[in-house]
Amino acid sequence: MKWYLRLIFFVWLAICYKEAAAQLEWAVSPIVEEATFFYLPNSTKDFLIVGDRAAGQRLQRMDGSYAFHGQKLWHLQVVGASGIWTGMINETEPIVFNREEKVLSENYDDLNNQYRTNVLMTKKGDLFGLLDASGKVLRKPKYQNLKRKARGHYVGELPGGEFEDILVEET
């Protein structure tokens with residue numbers, strides 16, 4: 001056989017071996033504890049999602065203890081590198097919190113982090129504002145309309161019809 005065909009064969013074999021080794025590792029030491037237990041690889045350096053399909057999910061800290069006193073939540077997900085987590089307390093009540101377990105959603109009717117950054121749009125009543133991932137209020141809800149123009153640049157419409165340019169540090 002030509003030398004380059006042998007090289008291609010051995011590279012292919014190495015790739016297959018790496019994949020097989022990863023699968024063998026799970027087969028030898030699986031994470032499954034019981035039939036309804038599951039592990040989601042949706043974790044950060046702060047939390048790991050563990051849960052029961054029927055009874056909800058919990059956030060486990062890396063020291064093994066549970067966040068929020070072990071309260072069960074649903075639809076948990078971390079939003080990008082900002083450290084902001086979203087989920088549901090029950091069927092109708094959303095929760096948004098940061099990596100320090102500070103609940104950001106308790107003073108607002110709605111929070112929107114569709115851009116997956118450290119800045120969240122807030123809504124209280126019919127007015128909009130801005131909040132950062134630490135819970136610091138960047139702009140109180142005073143705008144009847146709020147649009148993001150670019151990273152760190154928002155335009156807010158005040159109730160009188162005036163527009164205000166808003167510049168914030170957004171990562």
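A salt bridge is a side-chain nitrogen of Lys or Arg within 4 Å of a carboxyl oxygen of Asp or Glu. R139 and E164 form one, with 3.9 Å between the closest N and O atoms. R139 sits in strand β10 (residues 137–143) and E164 in strand β13 (residues 163–167), 25 residues apart. Strands are DSSP runs of E, at least two residues, numbered from the N terminus.

This is a predicted model: local features need pLDDT of at least 70, side-chain atom pairs pLDDT 80 or more, while totals for chains, interfaces and linings use all residues. Numbering starts from 1 along each chain as its sequence is written, and side-chain values use heavy atoms, without hydrogens or water.

The structure holds 4 salt bridges. Among them are these:

| Pair | Closest N and O atoms |
|---|---|
| E101 and R61 | 2.7 Å |
| R139 and E164 | 3.9 Å |
| K142 and E164 | 4.0 Å |

K142 also lies in strand β10, so its pairing with E164 in strand β13 ties together parts 22 residues apart in sequence. Shared partners join R139, K142 and E164 into one network. K142 is partly exposed, at 35% relative accessible area. The bands are buried under 20%, exposed over 50%, partly exposed in between (1.4 Å probe, protein chains only).

T117 is buried, at 1%. It lies in the loop between β7 (110–112) and β8 (119–124). Its side chain makes a polar contact with the side chain of E170 at 2.7 Å. Such a contact is a pair of N or O atoms within 3.5 Å; within protein, one must be able to donate a hydrogen and the other to accept it, and residues adjacent in sequence count only if both atoms are side-chain atoms.

Key. Helix = DSSP H or I, 4+ residues; strand = E, 2+ residues; numbered from the N terminus.
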